[in-house]
Protein chains: 2
Amino acid sequence: MPEVREASAEQARFLAELIDHGLILPSGVPGVYGHSAEFEDVRLRLEALLTRAAVENGAERLRFPPLLPRRHFEQSGYLSSFPHLAGTVYAFEGGEHDAEAQAERASRREDWDEFQQMTDLTLLPAACYPVYPAIAARGALPAGGVFVEAGGSWVFRHEPSHDPARRQMFRQHELVRIGDPEVVAGWHDEWAQRGLELLRRLGLEAELDNASDPFFGRRGRMLATSQRDQALKLEILAPIAGSEPTALASFNQHRDHFTAAYGIALAGGGVAHSACVGFGHERIVLALLGAHGLDPSRWPALAREALWRS
Amino acid sequence: MPEVREASAEQARFLAELIDHGLILPSGVPGVYGHSAEFEDVRLRLEALLTRAAVENGAERLRFPPLLPRRHFEQSGYLSSFPHLAGTVYAFEGGEHDAEAQAERASRREDWDEFQQMTDLTLLPAACYPVYPAIAARGALPAGGVFVEAGGSWVFRHEPSHDPARRQMFRQHELVRIGDPEVVAGWHDEWAQRGLELLRRLGLEAELDNASDPFFGRRGRMLATSQRDQALKLEILAPIAGSEPTALASFNQHRDHFTAAYGIALAGGGVAHSACVGFGHERIVLALLGAHGLDPSRWPALAREALWRS
């Protein structure tokens, strides 16, 4: 088991308050939580707000389950960059004898992993991953490319933590743009501004900043430096518990990484680029609860209006 | 890999039509699909209808992620009954050398399972499973017991099939009642009738019938017979593709199975029972598409009114 990240004093206090008010239900595993109706109602309003913003700007809505075919996962190159964060699905393939031994071991809390085998499925590492193969399956891109809104998808990160904002399983709301390199770069910048305005309208002290991904190992540190140097990743940060800011949304230019991996080309045959925008539902709800208090019915009028206006 | 179940000719034709109309996006793995906005809109209206029915009848809404702590999974006894359907989560715990070897193997489509280890998480086997430990954590039941509505949760069943109605990952909308044995039995019967009326109001040729779970192996056949003899499981069935009916909802009395496993007792200390009701979102949407046609805007007025009335 990986080490569980400790929470800061403020994060630990905030988690205790959220549990005490029944907004968060601990499962016994750090970073895996249930939610009350109050928490979920805010999250659903946020999801509707983000979907509306995307559709008004021309997005096509597609929805995907929390699992990705292992074949697509292998093609994506995720294991080279983030092996420590990935989750794979295993299952039982044996007969009656093994089934009995497995159940017996599990009931005694002894190891039963020898009975499990890798399946052809992995957990979704990011909400945009199923979009690329789905678009590739349509053939060459239409003129103007595509803009897909994938809703609030469940994604997995194997990084247990006592910080309530660092989950192992959480909802990532992704928008994906694929097309001409210049169009994609312009879309990326436009959405970074739109995202910033949207989160500030909710009353959050949000700031845009250069960022890098948590790449694995020594090679990862070089990748992170190069990503920063080329300004390929932006994040919107805001305080959640205490003054240390947390990323609520990220804006990523992939150049031809995914289009090459899945064979997506421009209508005329040229190289297509992709970019994605991801909003963390739970983190934004937590930032709102931290900024405006634990009772959403008493939040400032502007924040309530932005969320509940339709 | 388990054998993939073949579809009937009608099921295969229906799946092809759904894909052709863009309602379903194949992922390459049987039983794992994306959905279009049209499909998802019907599903969301169905979810709202079911949630409203539960809340109007006194349910408390709680929401849970698609993963269950392995400890709770082991306590539940699921591995004794359904080892063939369960999914467990594995992850990488190694250093740089292993990470490189793993990525290299994966990129060549060779086996890389030796680098993965069992985590403390499993996929959710049924949407009611997180409810019991969450209620147990509150202490003794309040007078009258509890009624929880867990929304449309993602659940996993390792049974690949080319029937579009048999998914590996799908949304199960569960209601759970825990309390006095007689109250729980009455609630179970009441919801079987309410579920039947609700699905008939949508224009489905729904019928209630005795049923049994797909228990594993030889011992499983005995368990299924005993379950039927005691009428512990009911299902609502309706045709989806062809005349063979498919279960759209199930109604399950657990007696003291879960309350004993998680230590849930009545306020006075007596034995509590539990029951759950599960509606299969995708199956109900598919039954509606099969019965009323692939364009929801042209469905019969009564079905549209029931779904879009609020």
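**Is A:His273 buried or exposed, going by its C-beta neighbours inside 10 Å?** With 26 C-beta neighbours inside 10 Å, A:His273 counts as buried. The cut-offs are simple: a residue is buried if 20 or more other C-beta atoms lie within 10 Å of its own, exposed if 12 or fewer, and partly exposed in between, with C-beta atoms placed from the backbone. Before the other views, a word on what you are looking at: this is a predicted model, in which local features need pLDDT of at least 70 and side-chain atom pairs count only at pLDDT 80 or more, while totals for chains, interfaces and linings use all residues. Residues are numbered from 1 along each chain as its sequence is written, and chains are lettered from A and ligands numbered from 1 in the order in which they are written.

**View 1. The surroundings of A:His273.** You will find A:His273 in strand E12 of chain A. Helices (H or I, at least four residues) and strands (E, at least two) are DSSP runs, numbered from the N terminus. Leaving out residues up to four places away in sequence, A:His273 touches A:Pro181, A:Val184, A:Arg255, A:Asp256 and A:Thr259; two residues are in contact if their C-beta atoms, placed from the backbone, lie within 7 Å. For a sense of scale, A:Asn210 is 63 residues from A:His273 in sequence and 20 Å from it in space, C-alpha to C-alpha.

**View 2. Strand E12 of chain A and its partners.** Strand E12(A) spans residues 273-280, and eight of its eight residues are buried. On one side sit A:His273, A:Ala275, A:Val277 and A:Phe279, on the other A:Ser274, A:Cys276, A:Gly278 and A:Gly280, and both faces are covered. Strand E8(A), residues 169-179, runs antiparallel to E12(A) and is joined to it by eight bridges. Two strands pair if DSSP finds at least two bridges between them. Look for A:Ile178, which stands opposite A:Ser274. Strand E11(A), residues 245-255, also pairs with E12(A) in the antiparallel sense, over six bridges. Here A:Asn252 has A:Cys276 as its bridge partner.

View 3. Strand E5(A), residues 88-92, is largely enclosed by the rest of the structure, because five of its five residues are buried. A:Thr88, A:Tyr90 and A:Phe92 point one way from the strand, and A:Val89 and A:Ala91 point the other way. Within chain A, four bridges join E5(A) to the antiparallel strand E6(A), residues 116-123, and A:Thr88 has A:Thr122 as its bridge partner there. Across the two chains, E5(A) and E5(B) run antiparallel and are joined by three bridges. A:Val89 stands opposite B:Val89.

**View 4. The axis between the copies.** The same surface serves both copies, with 100% of the contact residues of chain A recurring in chain B.

**View 5. Helix H5 of chain B.** Helix H5(B), residues 96-107, has twelve residues and reaches 16 Å from its first C-alpha to its last, close to the 16 Å expected at 1.5 Å a residue; the expected span is 1.5 Å times one less than the number of residues. Its buried residues are B:Ala99, B:Gln102, B:Ala103 and B:Ala106. They cover an arc of only 95° around the axis, which puts them on the same side of H5(B); the arc is that of the directions from the helix axis to the C-beta atoms. Their cover includes helices H3 (70-76), H4 (78-81) and H8 (217-229) of chain A, together with strand E5 (88-92) of chain B.

View 6. B:Arg109 is exposed, with 11 other C-beta atoms within 10 Å. In chain A, A:Ala231 has a positive phi near 50° and lies in the loop between H8 and strand E10 (233-239). A:Ala231 is exposed too, with 10 other C-beta atoms within 10 Å.
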